[in-house]
Amino acid sequence: MKHKAGIIGYGNMGSWHAENINTRIADLEVVSVYDIDSARCELAEKNGLKVYSSAEELLKSDIDIVIIATPNNFHKYYSILAMDAGKHVVCEKPACLNCEELDEIIAVS
């Protein structure tokens with residue numbers, strides 16, 4: 001069974017993760033993206049990915065896994081948002097800005 005992933009943040013790291021997952025991991029496919037930058041959204045569409053206009057819309061889709069590749073100060077927010085939507089989360093490093101934020105994420109998980 002192939003799992004579907006969505007990426008929040010399709011900048012340098014987000015696009016790198018999409019390319020590497022889609023070319024190297026047989027059971028996982030990045031299928032969708034949310035990014036605030038319209039140029040990054042256009043690139044994602046050009047690369048065959050479905051682009052959502054909000055993170056909430058992305059999280060309502062049939063993806064199993066969310067990859068958080070935003071600037072570090074947004075990691076906690078999007079990780080919790082995705083877990084609250086019932087998704088598995090993989091977050092870029094550093095996962096949080098401090099231990100308190102990580103404790104909040106762990107509590108939600």
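What pattern does the protein chain follow when read along the sequence? Some notes on that and the rest below.

1. Ground rules. This is a predicted model, where local features need pLDDT of at least 70 and side-chain atom pairs count only at pLDDT 80 or more, while totals for chains, interfaces and linings use all residues. Residues are numbered from 1 along each chain as its sequence is written, and side-chain values use heavy atoms, with hydrogens and water left out.

2. Layout. The protein chain reads β-α-β-α-β-α-β-α-β-α, with five helices and five strands (DSSP runs numbered from the N terminus: helices are H or I, at least four residues; strands are E, at least two).

3. Overall dimensions. The C-alpha atoms fill a box of roughly 40 × 30 × 25 Å along the principal axes. The radius of gyration is 13 Å, which agrees with the value near 13 Å for a compact globule of 109 residues (taken over C-alpha atoms; the rule is 2.2 Å times the number of residues to the power 0.38).

4. Five strands make an open, parallel sheet in the order 3-2-1-4-5 (a pair needs at least two DSSP bridges). Strand 3 (50-52) and strand 5 (88-91) sit at the edges with a single partner strand each, so one side of each has no neighbour in the sheet. Strand 4 (residues 65-68) is joined to strand 5 by four bridges, and isoleucine 67 stands opposite valine 90 in strand 5.

5. Helix packing. Helix 1 (residues 12-24) packs on the sheet and touches strand 1 (3-8), strand 2 (28-34) and strand 4 (contact: heavy atoms within 4.5 Å). Its direction makes about 155 degrees with that of strand 2 (axes are lines fitted to C-alpha atoms, for helices over the stretch in contact; angles run from 0 to 180 degrees between N-to-C directions).

6. A cis bond to look at. The peptide bond from lysine 93 to proline 94 is cis, with omega near -10 degrees. Proline 94 lies in the loop between strand 5 and helix 5 (99-108). For context, most peptide bonds are trans.
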